[in-house]
Amino acid sequence: MKIRHVITSAGLIASGALALISSPAQAFSFQTNYTASLNGNNASKGNIFLNSVTLNGGQVVSNFSLINAANIVYNDLYTGGNTGAASADIGDLATTGVKQELLTNESAKVVLNNLNLNNIIDTEDTGKFTLDLHFEKAVDSRPLA
């Protein structure tokens, strides 16, 4: 009986290894098309507005689905220093967005309802948070042609 289990296990391992070898992962590449408000060394610190994304097949995606509501289900409390979880942040030289340690539903909506790539929901290393996001329209998860 033990021999049968060993042979079956060896067969499963061998077929799994063959499946991995015969089906390599496909690389995915894209180009982000954006407009930066600043140049040079400060470009990454200012407003960076997403215009579109060009996929490796040449298809341009510019119709992004943004959120229209956010609900904080759970967020570790910020008590100063390096504590808490989700907070709103912007680039050091960005002029639009929200910078707020104690995230609210409204500030989460403001951060995630625009195309400024320098508006983010930031978290500390040990903090935990859960957000329910409601989108303007249904998100199409079909692969792009």
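**Exercise 1.** Which residue forms a salt bridge with D89, and how far apart are the closest N and O atoms?

*Solution.* The model is a predicted one. Step 1: a search of the whole structure turns up one salt bridge. Step 2: the partner of D89 is K99, and the closest N and O atoms are 3.9 Å apart, which is inside the 4 Å cut-off. Step 3: D89 belongs to strand β5 and K99 to the loop between β5 and α2, so the pair ties together parts ten residues apart in sequence. Step 4: K99 has a relative accessible area of 60% and is exposed.

**Exercise 2.** Determine which residues of helix α2 are buried and what they pack against.

*Solution.* Step 1: α2 spans residues 105–112, and its buried residues are S107, A108 and V111. Step 2: viewed down the helix axis, these buried residues fall within an arc of 100°, so they line one face of α2. Step 3: the elements they pack against are β4 (67–75), β5 (87–90) and β6 (119–122). Step 4: take V111 as a case. Apart from neighbours within four places in sequence, V111 contacts A88, V98, N119, I120 and I121.

**Exercise 3.** List the residues of the largest nonpolar core.

*Solution.* Step 1: the core has nine residues, namely I67, A70, A86, A88, V98, L103, A108, V111 and L131. Step 2: at least two residues of this core come from β4, and at least two from α2. Step 3: two of the buried residues of α2, A108 and V111, are members of the core.

**Exercise 4.** Is N47 buried or exposed, and which side chain does the side chain of N47 join in a polar contact?

*Solution.* Step 1: N47 sits in the loop between β1 (30–36) and β2 (48–55). Step 2: the relative accessible area of N47 is 5%; buried means under 20%, so N47 is buried. Step 3: the side chains of N47 and T95 are joined by a polar contact of 2.6 Å. Step 4: leaving out neighbours within four places in sequence, N47 is in contact with T35, A36, S37, A94, T95, T96 and N116.

**Exercise 5.** Give the strand order of the open three-stranded sheet and identify its edge strands.

*Solution.* Step 1: the order is β1-β2-β3, and the pairing is antiparallel. Step 2: β1 and β3 (60–61) each pair on one side only, and are the edge strands. Step 3: β1 and β2 are joined by seven bridges. Step 4: opposite T32 stands V53 in β2.

Technical notes
Residues are numbered from 1 along each chain as its sequence is written. This is a predicted model: local features need pLDDT of at least 70, side-chain atom pairs count only at pLDDT 80 or more; totals for chains, interfaces and linings use all residues. Side-chain values use heavy atoms; hydrogens and water are left out. Buried means under 20% relative accessible area, exposed over 50%, partly exposed in between (1.4 Å probe, protein chains only). Helices (H or I, at least four residues) and strands (E, at least two) are DSSP runs, numbered from the N terminus. The arc is that of the directions from the helix axis to the C-beta atoms. Contact means heavy atoms within 4.5 Å. A nonpolar core is a set of buried Ala, Val, Leu, Ile, Met, Phe, Trp, Tyr and Cys residues joined through side-chain atoms within 4.5 Å. A polar contact is a pair of N or O atoms within 3.5 Å; within protein, one must be able to donate a hydrogen and the other to accept it, and residues adjacent in sequence count only if both atoms are side-chain atoms. Two strands pair if DSSP finds at least two bridges between them. A salt bridge is a side-chain nitrogen of Lys or Arg within 4 Å of a carboxyl oxygen of Asp or Glu.
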